[in-house]
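Hi everyone, thanks for making time this morning. Let me put the structure up on the screen, and then we can walk through it together.

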Amino acid sequence: MGFTRRLERDCSHSTYIKMWADTQRELDTMLQREREEFLEPEEDREKAMKMLATAYIQYLEIFRKLEAAHDHLIHQQKRAAVRQVLDGVIGRILEIKKEMVALENSECHCLDGILMDLQRVPEVVTAMTLEEGIRVIQVAERARQGRARAAFMRRIYLEEKRQSKKEEQEMGKNPDDAATCIQKVWRGYSQRKKTEKLREEEMVFLGMSLPPELEAISSLQKANVLQGEVQEGEDLDFRPELRKTEGPHIKETLQDQITQCFLECRHITGRFPDYPPERTGGSKAIFIEKHPEQVAEELAAKREKEKKEKEKNGKKEKQAVKAKKPEKVGKQVVDLRWKIGPSNFLSILEEGSSQYQVFWENRDNRWDFLQDHDPELIKGGEREEVEEEIRVQVDEVMQEKLLKIKQAVDGETGPQSKAGKGEKGSKIPAKKKIPELERDLTPDRTIDSLYQELAEEGLLIRVKNVNLSDYIGYYDCLRSIPRGTGAQPMPSIPEVRQLVTLYGILPLGSQIVHENAPLVKSLLLAGPAGVGKKMLVHAICTETGANLFNLSPSNIAGKCPGRDDVIMMLHMVLKVGKELQPSVVWIGDTEKMFPKGAPKGEEEVSAKRLAKFLPQFLRALKPNHRVLLVGTTSKPYSANMGPFFKVYQKIILLPKPDYLTRLALWKHYILQAGGALSQRVNLNCLAQVSDGFTQGHVVDVVHTVLTELRLLQMARKPLRTAEFVTSLARHDPVYKEEEEMFQAWYAKTPIGKAWSAAQEAKEEEKEKGKKGKGKK
């Protein structure tokens, strides 16, 4: 058994090794394409959008394959190599998404044509082949035939049983026959147990199975434990060995290199240089800088350039005056061509690709049954740390040595300073005022004590165990119709999941991605009551393992009576959130913080006081802080738009569920609540009747109908459609007027205004084109 499990694990591991290799080749092809296609500016914006969308979809496919390989590989160093490339791919996806939003002025993109060209389905997963489809149909048909045959055989069995009982009743019971039947059953049972025990003893003797006392956990649990142990691995430390074996050689080499550099500098400049201070990197700065020969060439070129500039000074001034005049009078040439911005992740991807080619591409994995670590790779990483430790020691020695040489050769007693006459009267620069939220207002308190206080005050709350996949919904195939009319496209539920993943889950889940990707500090989820805004907040925290701080107006009412209390509360949230990152700061009913008129009541006063410090709170968040501010609102149109849009960087409008989604919701929540579906429950009817209602309405209706008493009665009284319809009638749907209010509000957001301006520009171009054709 143990050998079989190990063999299965090795086969699975080799499968994902092959997946990693194939994906790495796809990634190399993508990098080559990016160098060719994105190098030059593009005049046609539609063509640029198509290039970006194609790259976006292909990077998503690469991301999914690398994610699967990372989850299933056991070798710790291979997982680290895949993780590096995976972070680079995630970052590149976010960069391309930013370019797509800027180019199209919309968070939603119509990728139908590109998906058809790439032969992909809207969910961007690989479609079934014809053979796989036939196999699925065959399996379903054989299962149907099997069920029909089983039902037929059951009828025959029951008929025979009924007939035998009838005969027994006519003939009467025989005690000898009953005793024989019991003996037969018992002897068969005892013999099977003996045979099973002998087989187990034989397997233990042959070493193909563990003794019974060691088989305490199931085979699945064993596999998971084994994989987890190997993946986590033991942190091996080769630094003591490296210090002992290679330390003296590294020290001697560094001293020789520094000495040689100082001698060459004195030969060129006539004096020994000052030793670089530790804050600039010490002797490391010497090797980063250019060689002495390069320095000498640059100095000579600089002197010649200064002479030429003095001779042609008068001519240059006249030319500069003449050159300035056309800039004032003439028209400036603006390059309207699209060009992709610089990337922070292409270098990471190229480095990961080169490391794969050097270390992993040609490695023979067939005999690596233990999936153990590679000591040389670990030493390679730790060697740099040992060199840095030794370099600090060498710097201290060499600095003293340089001072002595300077004193003996040049007569210098220390590093030269450029003190002059102006030093007496020079003003000391005024210290920059540090904002209140960036200062440490609780230096004498530990993170644990602050964490405990926030939890006791109800500001740090428990996260509900909700996954993003629980936000059920399907791709809306009719959403491209409003785009053709020029209306702002609204996201479907799968697109909402994707946007939440891009702006919330992926950056919070990786430090490298958060530091280098386009920074999103705040996110607003807007939509009618019951569409799943709060659920998505908890899903972000569940998927990333983030802490959840609740700063909703209803939660902070009475807890922050004054300005200082608000500052202290935000400071504590910020300090704990940064220290125990990732963290999510949630503000529910956030429109109450930005009222159009004077605040009414204590809740709105506290909320407005908090709103004044939110911009300062966001400025205190740096790229290395994985903290996200998430606001939710069901009445965004009642907020003061100016400060509202300044706080929230990204806005996602959540839609009502469509027919397919409602059908899936009714089925999912009825079964989840313990209900049983029968022919008396017409899901199609429920999905049709619930048009205009939200996910929250469906959940509330199911919980109202399926009480504990109703579940007990279900065996003799099956569920009916009318029960759910009656309960649904007590709720108010989302009317068309409210939908129009949301769309009108979204059109006034920054991205909505940009979309409208772009549509107006397109209309003007069309009108000009029509006029030009009319003149011809």
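Let's begin at Ser-727, which touches Val-701, Thr-704 and Val-705 once residues up to four places away in sequence are set aside; a contact here means heavy atoms within 4.5 Å. Ser-727 lies in helix α29. Helices are DSSP runs of H or I with at least four residues, strands are runs of E with at least two, and both are numbered from the N terminus. Is Ser-727 buried or exposed? Its relative accessibility is 3%, so Ser-727 counts as buried. For the cut-offs, buried is under 20% relative accessible area, exposed is over 50%, and partly exposed is in between, with a 1.4 Å probe and protein chains only.

A word on the model before I go on. It is a predicted one, so local features need pLDDT of at least 70 and side-chain atom pairs count only at pLDDT 80 or more, while totals for chains, interfaces and linings use all residues. Residues are numbered from 1 along each chain as its sequence is written, and side-chain values use heavy atoms, with hydrogens and water left out.

Now the overall picture. The protein chain has 31 helices and six strands, and of its 776 residues 36% count as buried. Among contacts with a separation of 6 or more, 84% come from residues 24 or more positions apart.

Two strands pair if DSSP finds at least two bridges between them. As a reminder, strands of a sheet pair through backbone hydrogen bonds, either parallel or antiparallel.

Let me stay with β4, residues 583-588. On one side, four bridges join β3 to β4, running parallel, and Leu-548 stands opposite Val-584. With β5 (residues 627-633), β4 also pairs in the parallel sense, over six bridges. There Ser-583 faces Val-627, and Val-584 is opposite Leu-628. Six of the six residues of β4 are buried, so this strand is largely enclosed by the rest of the structure. Ser-583, Val-585 and Ile-587 point one way, while Val-584, Trp-586 and Gly-588 point the other.

Which helix packs on these strands?

At 19% relative accessibility, Lys-575 counts as buried. Its side chain makes a polar contact of 3.1 Å with the side chain of Asp-440. That term covers a pair of N or O atoms within 3.5 Å; within protein, one must be able to donate a hydrogen and the other to accept it, and residues adjacent in sequence count only if both atoms are side-chain atoms. Beyond its neighbours within four places in sequence, Lys-575 is in contact with Asp-440, Thr-442, Arg-445, Ile-447 and Leu-450.

Last topic, the rings. A search of the whole structure finds eleven aromatic pairs. Rings of Phe, Tyr and Trp (its six-membered ring) pair if their centres lie within 6.5 Å; planes under 30 degrees apart are stacked, over 60 edge-to-face, and the rest tilted. Phe-594 and Phe-644 have ring centres 5.4 Å apart and planes at 65°, so that pair is edge-to-face. Phe-594 sits in the loop between β4 and α22 (601-611) and Phe-644 in helix α24 (residues 641-647), so the pair ties together parts 50 residues apart in sequence. Phe-594 is buried at 5%, and Phe-644 is buried at 0%. Ring pairs also link Phe-594, Phe-644, Phe-645, Tyr-648, Trp-745 and Tyr-746 into a cluster.
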